[in-house]
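Here is a short briefing to read alongside the model. Have the viewer open and follow the topics one by one.

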Amino acid sequence: MDFSYLNHQLYGNPQTAKQPKVSVCLITYKHEQYIQTCLDNILQQKTDFEFEIIIGEDHSPDNTASIVKSYADRFPEKIKAYIRPENVGAKVNFLHCFFDCQGEYIVHIEGDDYWTSPDKLQKQVDFLDSHPEASACFHNAQIIYEDGTGRVPTLINPVDQAPWVHSIDLLKEREAWFMATASVMMRKKLVKTLPDWFFHSKSGDIPLYVILSEEGPIAYLPETMSVYRKNEGGMSYTDSNKSASFIYNRIFMYSKINEYTHAKYQYLIQPILFEYHLLLTRITENEKSFLKRCYYLWKASAHAPQKLHLEDWKKLFKEHVFTADSFLAYLAFRKKINRFFGIRS
């Protein structure tokens, strides 16, 4: 994956360290309300080493680009900013900046999140320097709900969070999520190249953490040092379960993870693939089609982790096909058939 064709979008004349210990990969789009808080907390980090901030501003329709430029002008020794003249998309924006990072360690943060401890980078560097077996480390984070639900802030990780994370922990269930993006620090040497299929996966975190954990365990530091804002931007996971393109992409991603790990975790991945295939019975275009639900259930059965018996079929049929909407659709379909053959109901 070569994204050097975007290098000309570099803003100003940055003078960042030639060999920084840490690179902060900051991706931002439509973060006018948040980006200053994010940048201020990065710049307030207390370290005994050099670090750089690589920013990818993806042609926001608000004032995000202007704010990023003002910070790049004020802190050229820290900030290297790419200002996109047109939107390149979240994945390309991220990977261009990610591969441009020069540090021994990389931290990825999005413009609407922020760190709450000025010692975050130092603590994580100290840990990784003293634990060469670790591929990465992460810490706890607070979720602040700005999605209109009114929920009180919560912590992502429980008090009994395991001190070490392995690939198996990331594949126990679909969409396993217990590592806030802004909390993870990884060794660059382990991810300086990524498989081509990574680019085509809509999720970056899940495959990236599996790739890392295959090289070494990921350590947990039991301290809350960042905030994850859950806001109204983007498609919610609930809504995405109705999207065929999203589900097919997840099937693609987990299939590629299975190949990448040489099927070591197929016993975990196969049930996940089965669940995603079952979700195809509920996509928006199939909601009112009894026959389509039957078809996709039949297709999903080919991916079942074990042989389906009669009782299994009954349960799956009830849960994924014979819903209230599809029942009405079935009655309407049967009425048409009866009318066609002249049968009185």
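Helices (H or I, at least four residues) and strands (E, at least two) are DSSP runs, numbered from the N terminus. Serine 201 lies in the loop that separates α6 (196–200) from α7 (205–215). The model is predicted, so local features need pLDDT of at least 70 and side-chain atom pairs count only at pLDDT 80 or more, while totals for chains, interfaces and linings use all residues. Residues are numbered from 1 along each chain as its sequence is written, and side-chain values use heavy atoms, with hydrogens and water left out.

- Strand β2 (residues 51–57) is largely enclosed by the rest of the structure, because 7 of its 7 residues are buried (buried means under 20% relative accessible area, exposed over 50%, partly exposed in between, with a 1.4 Å probe and protein chains only).
- Both faces of β2 are covered: one side holds the buried residues Phe51, Ile53, Ile55 and Glu57, and the other holds Glu52, Ile54 and Gly56, also buried.
- Strand β1 (residues 22–28) pairs with β2 in the parallel sense over 7 bridges (two strands pair if DSSP finds at least two bridges between them).
- Threonine 28 has glutamate 57 of β2 as its bridge partner.
- Strand β3 (residues 79–83) also runs parallel to β2, joined to it by 5 bridges.
- Glycine 56 has tyrosine 82 of β3 as its bridge partner.

**Crossovers**

- A right-handed β-α-β unit is formed by β1, helix α1 (residues 35–43) and β2 (a crossover is right-handed if, with the strands pointing away from the viewer, the path from the first strand over the helix to the second runs clockwise).
- Another right-handed β-α-β unit consists of β2, helix α2 (residues 64–74) and β3.

**Cysteines**

- The model has 0 disulfides, a disulfide being a pair of cysteine sulfur atoms within 2.5 Å.
- Cysteine 25 is buried, at a relative accessible area of 0%, and cysteine 137 is buried at 0% relative accessibility.

**Around serine 201**

- Serine 201 counts as buried, with 1% relative accessibility.
- The serine 201 side chain reaches the backbone oxygen of serine 203 at 2.7 Å.
- Beyond its neighbours within four places in sequence, serine 201 is in contact with Lys91, Pro207, Asn249, Phe252 and Met253 (contact means heavy atoms within 4.5 Å).

Technical notes:
A polar contact is a pair of N or O atoms within 3.5 Å; within protein, one must be able to donate a hydrogen and the other to accept it, and residues adjacent in sequence count only if both atoms are side-chain atoms.
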